[in-house]
Amino acid sequence: MERLLDSKMWTDSYKDVLERTIIITFYVTGVRLSELIGLDDKDIDNVTCEIKVTGKRNKQRIVPFGKELADVFAQYQEVRNTTVKGDSKAFFQTEKGKRMKSVHHTFFAIRLPRQCSIMKQDWKV
C-alpha cells in the first residue's frame with residue numbers, strides 16, 4: 001500500500017491526480033464504487049471532513065474522513081477546476097468534464113500494479 005500511495009510515482013497530470021484521489025478515497029472511506037461515482041461537489045465537505053454518500057436503495061449516510069484526505073480533495077479540485085472544461089456537478093469527472101461512469105478495471109488490474117512495480121508474487125491474501 002505504501003508503494004501505491006507514494007506521491008513520487010504520480011505526476012501532476014489530471015489523470016494521475018484523479019486516479020490517486022480515487023485510490024485514497026477508497027482506502028480511507030471504504031465507499032463502494034457506485035457511491036464514489038455518484039458523488040457530487042455538494043456531497044464533499046472539507047471543513048467538517050464528511051462525505052454524504054448515497055448507497056443502495058437511495059439510503060444516505062455520512063462518512064467521516066481526516067485532514068489528509070481533505071487536502072487530497074482540495075488538490076484534486078484545484079487541478080480539476082483548472083484542467084477540465086464543463087459544468088458537471090459530479091465530483092469525479094472525466095477529462096471531458098462528464099461524470100465518470102466507471103473506474104476502468106484495467107486501471108486496477110493491469111496499469112496500476114505495473115506502475116507500482118507490484119508483481120503477482122507480492123500479493124498476500
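**Close-up views of a predicted model**

**View 1. Contacts between helices H2 and H4 in the predicted model.** From H2, the residues Tyr14, Val17, Leu18, Arg20, Thr21, Ile24, Thr25, Val28 and Thr29 make contact with Leu69, Val72, Phe73, Gln75, Tyr76, Val79, Arg80 and Thr83 of H4.

**View 2. Packing geometry of H2 against H4.** Helix H2 spans residues 14-29 and helix H4 spans residues 67-83. Their axes lie 10 Å apart and form an angle of about 150 degrees. Because angles over 145 degrees count as roughly antiparallel, H2 is roughly antiparallel to H4. The crossing of H2 past H4 is left-handed.

**View 3. The open three-stranded sheet.** The strands are arranged in the order E1-E2-E3, and their pairing is antiparallel. Strand E1 (44-45) and strand E3 (60-64) form the edges, each pairing on one side only. Strands of a sheet pair through backbone hydrogen bonds.

**View 4. Pairing of strands E1 and E2.** Strand E2 comprises residues 50-54 and is joined to E1 by two bridges, the two strands running antiparallel. Asp45 is placed opposite Glu50 of E2.

**View 5. The chain as a whole.** Five helices and three strands make up the secondary structure elements of the chain, which follow one another along the sequence as α-α-α-β-β-β-α-α. The chain has 125 residues, of which 39% count as buried. Among contacts with a separation of 6 or more, 52% involve residues 24 or more positions apart.

Key. Residues numbered from 1 in each chain as written. Predicted model: local features only at pLDDT ≥ 70, side-chain atom pairs only at ≥ 80, totals over all residues. Heavy atoms only, no water. Helix = DSSP H or I, 4+ residues; strand = E, 2+ residues; numbered from the N terminus. Buried < 20%, exposed > 50% of the residue type's maximum accessible area, 1.4 Å probe, protein only. Contact = heavy atoms within 4.5 Å. Pairing = 2+ DSSP bridges. Axes fitted to C-alpha atoms, helices over the stretch in contact; angles between N-to-C directions. Parallel < 35°, antiparallel > 145°, perpendicular 65-115°, else oblique. Left-handed = near helix turned anticlockwise from the far one by under 90°.
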